[in-house]
Amino acid sequence: PKGVCIPHRGITRLVVGNGFLRFGPEEVWLQLAPVAFDASTLEVWGALLHGSKLVLAPPHALTLEELGALLKQERISALWLTAALYEQMALHQVQALAGVSQVLAGGDVLPAQRVHEHLKHLPAGAVLVNGYGPTENTTFSATYSLTNASTVGKSVPIGKPIGNSTAYVLEPHGDVAGVGVPGELYVGGEGLAWGYLNRADLTAERFVPNAFSAEPGARLYRTGDKARWKEDGTLEFLGRTDFQVKVRGFRIELGEVEAALLRHPDVAEAVAVVREVNGDKRLVAWLVAKPGQNIDAKAVETELRTHLPEYMVPSAIGVLAALPLSANGKVDRKALPELEAGRSEREYEAPRTETEAKLAAIWSEVLRVPQVGRQDDFFALGGHSLLATQVASRIRTELGAELPLRALFEA
């Protein structure tokens, strides 16, 4: 939704004199990204400035099968994929992907499991590059090359700054964070944008003076990403600062919830979001199963409780055939369907007594759910400690009963 003004030198700095890729007339690039997406700068100019062949993808959204066939047919040797599309190709078109000698992926966190599987199929001389960088610093700010599956750990580093680029991990008060200390990542160098088109306010907010440069007017871009330096001099991505949400007073890292969901052996993809239900924020998650597997949402929830505190367990878990993607191939969180938080897995059993009926009515009103049965679980319906106090107050008022909260919910 923002226009980012990139100088020509940002693109030449990306594709000329940089060693993170092999550029030359022997390469065959696929131009797959929309031209309004920053990845197109790498595809188009990485090819044309070096005499490479540039293959234009057909003008429609390709299926995984069509993309795999195109890679083979045109003998593509250099390919850029978003993390979400890379994951799908590594799952369903691993042989076609392994035939590409230079695969670049990024735009989001690369799933370590898919990277490991992809690398196992790579022939000698082939490479996978994890490319990190915001559009505001011309496509890539840092890269990390992988050739061997045995080197893949629990996460994939985003590497070191590319040529003519800088990166700083800063603490909240502006000091440089030490090795292993998390902070916000700031990037700069010759790839830095002029700013946002007709948005001087936003430009001033995100493009800040570079206190570490003696050059007059030097600036850095605040990425909003959390990172830390590793002992080997590479950067480790730790998540978005704006992916930290607050639900019922608890600070929750959505990435941490998603990482816990991905530990389940049947789960291939996971995304956690916060949805507001009549003013009450609730954490929900959507999952995609591995090929040939079926996901039991209740079993996933049960296992999740062994890894996470109660407040980080989603109120509801849904299953999709595939996660919705934006035109740029990233997970479109806004396009995820609505999921009724706390929908009961049990068969509905109506209240039997007048007291049960009154309790069910109170729960229904406080939890904002249409129907409450005898076997329903308060917390599974989206309940939490703050709502529990409302229930207790209503019970005192309407039933004249004084029950300790623990006794109330155990009963």
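Student: In which helix is Ser364 found?
Tutor: This is a predicted model, in which local features need pLDDT of at least 70 and side-chain atom pairs count only at pLDDT 80 or more, while totals for chains, interfaces and linings use all residues. Residues are numbered from 1 along each chain as its sequence is written, and side-chain values use heavy atoms, with hydrogens and water left out. Helices (H or I, at least four residues) and strands (E, at least two) are DSSP runs, numbered from the N terminus. The run that holds Ser364 covers residues 354-367, and its name is H10.

Student: Is Ser364 buried or exposed?
Tutor: The relative accessible area decides this, with buried meaning under 20%, exposed over 50% and partly exposed in between, using a 1.4 Å probe and protein chains only. Because the relative accessible area of Ser364 is 18%, Ser364 is buried.

Student: Which residues is Ser364 in contact with, leaving aside its neighbours within four places in sequence?
Tutor: Contact means that heavy atoms lie within 4.5 Å. With the neighbours within four places left aside, the residues in contact with Ser364 are Val369, Pro370, Gln371 and Val372.

Student: At what angle do helix H1 and helix H2 pack?
Tutor: Two packed helices are described by the angle between their axes and the distance between the axes. The axes are lines fitted to C-alpha atoms, for helices over the stretch in contact, and angles run from 0 to 180 degrees between N-to-C directions. For H1 (residues 8-15) and H2 (residues 39-48), the axes are 10 Å apart and the angle is about 70°.

Student: Are H1 and H2 roughly parallel or roughly perpendicular to each other?
Tutor: Angles under 35 degrees count as roughly parallel, over 145 as roughly antiparallel, 65 to 115 as roughly perpendicular and the rest as oblique. With an angle of about 70° between them, H1 and H2 are therefore roughly perpendicular.

Student: How do the residues of the contact of H1 with H2 divide into nonpolar, polar and charged?
Tutor: H1 brings Ile11, Leu14 and Val15 to the contact, and H2 brings Thr41, Leu42, Trp45 and Gly46. Ala, Val, Leu, Ile, Met, Phe, Trp, Tyr, Cys and Pro count as nonpolar, Asp, Glu, Lys and Arg as charged, and the others, Gly among them, as polar. The division is into five nonpolar, two polar and no charged.

Student: How many salt bridges does the structure hold?
Tutor: Side chains of opposite charge can pair when their charged atoms come close. A salt bridge is a side-chain nitrogen of Lys or Arg within 4 Å of a carboxyl oxygen of Asp or Glu. By this definition, the number of salt bridges in the structure is 19.

Student: Which helix holds both Arg114 and Glu117?
Tutor: The side chains of Arg114 and Glu117 meet in a salt bridge, at 3.3 Å from N to O. Arg114 counts as buried because its relative accessibility is 2%, whereas Glu117, at 23%, counts as partly exposed. The two residues are three apart, about one turn of the helix that holds them both, residues 112-120, which is H6.

Student: How many residues apart in sequence are the parts that Arg374 and Glu349 tie together?
Tutor: Arg374 and Glu349 form a salt bridge, with the closest N and O atoms 2.9 Å apart. Arg374 lies in the loop between H10 and helix H11 (385-399), and Glu349 lies in the loop between strand E19 (316-320) and H10, so the separation in sequence of the parts they tie together is 25 residues.

Student: What separates the C-alpha atoms of Ala167 and Leu220?
Tutor: Ala167 lies in strand E9 (residues 165-170) and counts as buried because its relative accessibility is 15%. Ala167 and Leu220 are 53 residues apart along the chain, and the separation of their C-alpha atoms is 8.7 Å.
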